[in-house]
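Visitor: I'm new to reading protein structures. Could you walk me through this one, feature by feature?

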Amino acid sequence: MKRLRLDRWTGQLLAARPPTTTPLRYARPGAVCVRLAPRRQQSTIPLSSQSDGINHDRFPPLEPLPPNATSYPSPTPDRALKSARLAALHARLSLPEKLPLQTLARTLVDVSADQNPQFNNANLAFVGETLINYHVAEWLMVRYPRLPMGILWAAMAGYGGPTALFRIAQSWGVKSTTTPGGEVDPGLLQFSLEPENTGKNDLKLGYQRTEATRKHKFRHSISSGVVMDDDYGQLILEGKTGGQGKTGGQGKTDNAPQYPGGEDGDHTPSHMRYGDERTRLLAEQANAQFVRAVVGSIYAHCGRDTVKAFIKSHIMSRTLDIAKLFSFKNPLRELAMLCEREDFEPPIARLLSETGRLSRTPVFVVGIFSGNDKLGEAAGPSLDAARLKAGMNALKAWYLYSPGEHVRVPSDVLEAGAKPWEPAHIDMGEIISF
C-alpha cells in the first residue's frame, strides 16, 4: 500500500491555481476568442484633454477634481465638504457646529502656500495670537502677581509660543505637506519651503529697532522691550518672525527649544530630529500659525465665551514648571535688597545641620532667616553652595506667591450676570533689572 503524505495536502490546498481557460484546439469551430481586460475605475476624461501631464489611466484620481484644480495654489473651498480628514479633525477637536468646514480648511493654508489673504490663514492667525496672549497674560498676572517681567515673558512663550503650539498641533493629529496645490487634500496643513514664499507671515505687534540692524551692542532693557518688542519680549528682526534676542530680567527667554512647553519636558521634539534648521523652523511656524488660526476662526464664528473655553482647555491646561525658568546671577544680593525694600530684617544664613564634613561627600543644610522667620533652606556639598541655593529658594518662594489655583481674571466680568470686578494684587515688580 502506498503511503499518503499528509503534510503535502495543506500545501496543495493553499497553492494558488491558475485560471481555467479553454485551449484553442478544443474550442468550438467558428468561435471567436475575445480576451476581456479587467475592469477598473478610471477617469472618464481623455488623456489628450488633460493639461496636468499626469496619466490618469494609470493613476486614477481618488475623487473627481474640478476643472483646472492643479492650477490653484490651494484647494478650493467646495472640496472641504468632501474631505474625510477634515471632518475627522473637526470632530476630534469637538469644534462647534457654527464653525464650517470651509473655514477650518482655510486655517490649514499657510501664507507661504497661498499669498491671497482671502484664502490663507494669516488674518485668522493674527486674531488668534492676540487672543491667546491676552488670556495667558491675564491669567499669569493674576495667579502669580509677583513674577518678574522676564519670567512672565518666558511663561507666556511656554504656553503660547511657537514650540508649545507646534506640540499642540501634533497632539491634534495634523499632518502636513510641503508641496501645496489645488489637488492636495484640504485636511492637510499646507506650507512651502521655497525661499521666495517663506517669511511672509510677519503680522506682529511691535516695532523693528533701528539699532538692532547695527553691529554694535545696545542696551536691551525691560521697559523698552515692553514698548518695542513682541509679546514675548523678543526683538522683531527683518525677515524673521519672533526674534531670538535675549530679554531682560531673570528669565531664560531665548528661542522656543528652551521652553518646557508642556508635558514633554526637556525631551527633543520629533520635528527637531529631521531636516535642517531652516526646515524645522518653517514647520514649527506653520503649525503654530495653524493653531492660532483655529482660535481666530472660533472667535469669528462662535464668539468670546467659546474661544475662551477653547484656549483654557487646549492651551492653558498644559503643565509648565515656572520655577525652572528662573536664573539668578547674585541671589544673596537680590535677597538683601528685597528685605530692605519690604522693611524686613537683613537676611542671615545659619547652618541647620551637617553630615560627613571630613568625608568625600559632605552635606550641609543652610537656612536663610530674617529675624525669627525662615525665608528658605537648601542642602549642598559646601557651605557656600548651600547658602546660594537657600537664597534662590527664598527668592522663588517670594516670586511664586499665588492667591490660589482658581483665580478670577478680568475677562470674567464680560460674562452675562458676572459680579463686579475686585482689583487683584499686583506686585511693584522685580528687585534687580538686568
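This is a predicted model: local features need pLDDT of at least 70, side-chain atom pairs count only at pLDDT 80 or more; totals for chains, interfaces and linings use all residues.

Visitor: Is Ile-311 buried or exposed?

Guide: The idea is to look at how much of a residue's surface is left accessible, and under 20% relative accessible area counts as buried. Ile-311 has a relative accessible area of 0%, so it is buried.

Visitor: Which residues does Ile-311 touch?

Guide: For this we skip residues up to four places away in sequence; the ones that Ile-311 touches are then Leu-131, Ile-132, His-135, Val-295 and Met-316. Sequence distance and spatial distance are separate things, too: Ile-311 and Val-136 are 175 residues apart in sequence, yet their C-alpha atoms are 8.7 Å apart in space.

Visitor: What about the chain as a whole?

Guide: It has eleven helices and five strands, and buried residues make up 41% of its 434 residues. If we take contacts between residues at least 6 apart in sequence, 62% of them join residues at least 24 apart.

Visitor: How do I read a whole helix, say α5?

Guide: Begin with the general idea: an α-helix has 3.6 residues a turn, so residues three or four places apart point the same way. Then look at the case here. Helix α5 covers residues 149-160 and reaches 16 Å from its first C-alpha to its last, close to the 16 Å expected.

Visitor: How many of the twelve residues of α5 are buried?

Guide: Eleven of them are, so α5 is largely enclosed by the rest of the structure. Among the buried ones are Trp-153, Met-156 and Tyr-159. The cover over these buried residues includes α4 (122-143), α6 (162-171), α7 (222-228) and α8 (277-302).

Visitor: How should I read salt bridges?

Guide: Look for a side-chain nitrogen of Lys or Arg within 4 Å of a carboxyl oxygen of Asp or Glu. The whole structure has eight salt bridges. One of them joins Glu-415 and Lys-308, with the closest N and O atoms 3.9 Å apart. This pair links distant parts of the chain, 107 residues apart: Glu-415 is in the segment after α11, while Lys-308 is in helix α9. Glu-415 is partly exposed at 37% relative accessibility, whereas Lys-308, at 17%, counts as buried. Together with Asp-412, these two are linked in a network of salt bridges.

Visitor: Which residues form a nonpolar patch on the surface?

Guide: Val-413, Leu-414 and Trp-421 do, with about 240 Å² of accessible area together. Leu-414 lies in the segment after α11 (383-399) and is partly exposed, with a relative accessible area of 47%.

Visitor: Where is confidence lowest and highest in the chain?

Guide: It is lowest in helix α1 (residues 7-14), with a mean pLDDT of 53, and highest in strand β4 (residues 363-370), at 96. The chain averages 80, and 72% of the residues score at least 70. Read two stretches with care: pLDDT stays under 50 over residues 32-50, and also over residues 241-266.

Note on methods
Residues are numbered from 1 along each chain as its sequence is written. Side-chain values use heavy atoms; hydrogens and water are left out. Helices (H or I, at least four residues) and strands (E, at least two) are DSSP runs, numbered from the N terminus. Buried means under 20% relative accessible area, exposed over 50%, partly exposed in between (1.4 Å probe, protein chains only). Contact means heavy atoms within 4.5 Å. Patches are made of residues with over 30% relative accessible area and no salt bridge: like charges are joined within 9 Å, nonpolar side chains (Val, Leu, Ile, Met, Phe, Trp, Tyr) within 5 Å. Accessible areas come from the Shrake-Rupley method with a 1.4 Å probe; for residues, only the protein chains shown count as cover. The expected span of a helix is 1.5 Å times one less than its number of residues. pLDDT is the predictor's confidence in each residue, from 0 to 100.
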